[in-house]
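Here is a report on one structure, written to be read beside the coordinates.

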Amino acid sequence: MSWQAYVDGNLVGTGKVTKGAIFGLDGSLWATTPGFSVGTPEAQKLIAAFANTDDIQANGLYLEGKKYFYLRNGDNSIYARLGAAGVTCVKTNMAVLIGQYAENMQAGDCTVVVEALGDYLRNQGY
């Protein structure tokens, strides 16, 4: 399966994620929803935040030039909001998944979808 198929089918295709992306841990873009323009510097800051969240706690998480407010993090997850919308970000062994949800969606539904794909990819060695 291609990385784009994971974004299209396993993230956005569920109806629980409006936009999605997969980045390698070096910040390289592997796949994205058309029109979801997360820049390499933004991805690199997100990736660094999995090791230390101090910067995004103090300054926010920027994606597509928009400031998301840090909510919390887990061992392999970071959660942030922009108004009633937000993102769930999950780190695997080789990649970071970003799932964005819209104002009319439930954050928990997006989280379940993104974390499930992250678990699957980790179990496959990715």
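## Asp-119 and its partner

Asp-119 is partly exposed, with a relative accessible area of 39%. The model is predicted, and in it Asp-119 forms a salt bridge with Arg-122. The closest N and O atoms of this pair are 2.7 Å apart. Arg-122 is also partly exposed, at 22% relative accessible area.

Both residues belong to helix H4. Asp-119 and Arg-122 are three residues apart there, so about one helical turn separates them.

## Salt bridges across the sequence

The whole structure holds four salt bridges. One of them joins Lys-16 to Asp-109, with the closest N and O atoms 3.9 Å apart. Lys-16 sits in the loop between helix H1 (3-11) and strand S1 (19-24), while Asp-109 sits in H4, so the pair ties together parts that are 93 residues apart in sequence. Lys-16 has 35% relative accessibility and counts as partly exposed. Asp-109 is partly exposed too, with a value of 32%.

Glu-64 forms a salt bridge with Lys-19, and here the closest N and O atoms are 3.8 Å apart. Glu-64 lies in the loop between strand S3 (61-63) and strand S4 (66-73), and Lys-19 lies in S1, so this pair ties together parts 45 residues apart in sequence. Lys-19 is partly exposed, at 24% relative accessible area.

## Helix H4

H4 spans residues 107-123. The helix has 17 residues and reaches 24 Å from its first C-alpha to its last. That is close to the 24 Å expected at 1.5 Å a residue. After H4 comes Gly-125, whose phi is positive, near 95°.

Which residues of H4 are buried? They are Cys-110, Thr-111, Val-113, Val-114, Leu-117, Gly-118 and Leu-121. Seen down the axis of H4, the buried residues fall within an arc of 170°, so they line one face of the helix. Val-112 and Asn-123 are exposed on the other side of H4. The cover over the buried residues of H4 includes H1, strand S5 (77-82), strand S6 (85-91) and S7.

## Helix H2

Helix H2 covers residues 40-49. Its buried residues are Glu-42, Ala-43, Leu-46, Ile-47 and Ala-49. They take up an arc of only 155° around the axis, which puts them on the same side of H2. The face turned away from that buried side carries the exposed residues Pro-41 and Lys-45.

The buried residues of H2 pack against S1, helix H3 (54-59), S3, S5, S6 and S7.

## Tyr-101 in strand S7

Tyr-101 lies in strand S7, which runs over residues 95-101. Is Tyr-101 buried or exposed? At 3% relative accessibility, Tyr-101 counts as buried; the cut-off for buried is under 20%.

Leaving aside neighbours within four places in sequence, Tyr-101 is in contact with Lys-16, Thr-18, Ala-80, Arg-81, Ala-84, Ala-85, Gly-86, Val-87, Ala-107 and Cys-110. Two of these names have come up before. Lys-16 is the salt-bridge partner of Asp-109, and Cys-110 is among the buried residues of H4. Tyr-101 and Gly-20 are 81 residues apart along the chain, and their C-alpha atoms are separated by 9.1 Å.

How values were computed
Residues are numbered from 1 along each chain as its sequence is written. This is a predicted model: local features need pLDDT of at least 70, side-chain atom pairs count only at pLDDT 80 or more; totals for chains, interfaces and linings use all residues. Side-chain values use heavy atoms; hydrogens and water are left out. Helices (H or I, at least four residues) and strands (E, at least two) are DSSP runs, numbered from the N terminus. Buried means under 20% relative accessible area, exposed over 50%, partly exposed in between (1.4 Å probe, protein chains only). Contact means heavy atoms within 4.5 Å. A salt bridge is a side-chain nitrogen of Lys or Arg within 4 Å of a carboxyl oxygen of Asp or Glu. The expected span of a helix is 1.5 Å times one less than its number of residues. The arc is that of the directions from the helix axis to the C-beta atoms.
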